[in-house]
Amino acid sequence: MTQDISQASAEDSLIARYFKPLATDPGAFGLVDDAAVLSSSGDDIVVTTDAVVEGVHYLASDPPDTIARKALRVNLSDLAAKGAVPAGFVLTLALRSKEDAWLRPFADALGEDAKTFVCPLLGGDTVSTPGPQMISITALGRVPKGRMVGRTGARPGDLILVTGTIGDAALGLDVLTGGQAAAALASDPAAREAVVSRYRIPQPRNVLAQAVRDHASAAMDVSDGLAGDLTKLCAASGVSATVNLAGVPLSATAAGLIARKAVCVETLLAGGDDYEVLCTVPPAQSDALIAAGRAVGVAVTAIGTIVAGHERPRFLDGQGQELALKRLSYSHF
């Protein structure tokens with residue numbers, strides 16, 4: 001994402017107008033160079049990248065400010081799960097047009113979140129596309145050397161913990177696309193808006209990054225669905241898991257829909273877009289992580305246990321019967 005003032009192109013003008021104000025880190029050089037410098041200060045640099053594509057990760061009708069926030073926050077969620085503090089990000093935009101009515105609220109919201117999460121824009125690129133639109137962000141974070149929390153450290157006996165609630169974002173997408181949840185919540189506009197907001201604007205748990213780093217043996221964020229992401233974590237660690245379905249934290253809206261049989265449990269476990277932290281913690285340290293969450297207003301709930309073996313994690317109902325899941329997660333293909 002470079003700007004040549006002497007020979008300003010349409011791309012240069014777009015960058016200068018909308019994104020140069022976001023490049024507050026000295027290493028971004030005001031976006032006049034074609035590279036940036038990020039000082040490591042002796043820390044390890046954690047790198048993560050996620051793209052959001054129109055019609056796949058967001059709807060064409062979604063407001064541009066929510067699209068900007070989602071694009072950055074899904075990457076911040078990855079950093080939180082690694083125990084990393086945000087350091088900056090690079091942005092690639094593939095746009096159908098450069099209309100101010102779309103770009104201004106997009107850039108303003110992106111700038112607000114960059115400031116809120118102390119994650120400044122460092123550079124990137126803008127290109128034209130006939131569609132669909134795509135926003136790709138690569139976020140960088142810092143952790144003390146050797147302290148990044150990976151997926152491979154879970155051990156039998158560890159407790160499985162998850163932040164926030166599970167399934168609301170899947171319900172939000174269902175509402176927006178006229179699914180079962182839309183009909184079931186037709187008379188409750190507040191609940192509809194709450195789940196739609198969870199889909200459009202994730203709440204990354206960066207305030208818990210240090211606690212995750214200090215206490216978790218393995219961690220990842222829940223992006224494609226709790227069931228599928230736990231399966232990935234277990235496979236990376238060479239273990240299995242048992243999950244108590246009654247312990248999986250649900251919002252009042254989600255619990256009500258389950259009680260009314262308006263949606264099935266699988267929708268919540270496999271729907272994705274939760275962007276909560278899923279981690280494993282030795283039992284002696286679980287209370288400390290739960291207390292750290294309580295101190296910053298983020299619920300942290302124990303939902304199961306890591307066990308020896310290589311089988312797919314088991315999800316047990318209140319009677320100890322295993323729920324047979326037909327799908328584990330959202331599929332990108």
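Reply: In strand 8, Glu-276 has Val-222 standing opposite it. The model is a predicted one, in which local features need pLDDT of at least 70 and side-chain atom pairs count only at pLDDT 80 or more, while totals for chains, interfaces and linings use all residues. Residues are numbered from 1 along each chain as its sequence is written, and side-chain values use heavy atoms, with hydrogens and water left out.

Val-222 belongs to strand 6 (residues 218–222), which pairs with strand 8 in the antiparallel sense over five bridges; strands here are DSSP runs of E with at least two residues, numbered from the N terminus, and a pair requires at least two DSSP bridges. Strand 5 (residues 159–163) is likewise an antiparallel partner of strand 8, through four bridges, and in that pairing Leu-159 is set opposite Val-281.

As for burial (under 20% relative accessible area, with a 1.4 Å probe and protein chains only), strand 8, residues 276–281, has six of its six residues buried, so it is largely enclosed by the rest of the structure. This covering extends to both faces: Glu-276, Leu-278 and Thr-280 are buried on one side, and Val-277, Cys-279 and Val-281 are buried on the other. Glu-276, the residue opposite Val-222, and Val-281, the residue opposite Leu-159, therefore both lie within a strand whose six residues are buried.

Notes: Buried < 20%, exposed > 50% of the residue type's maximum accessible area, 1.4 Å probe, protein only.
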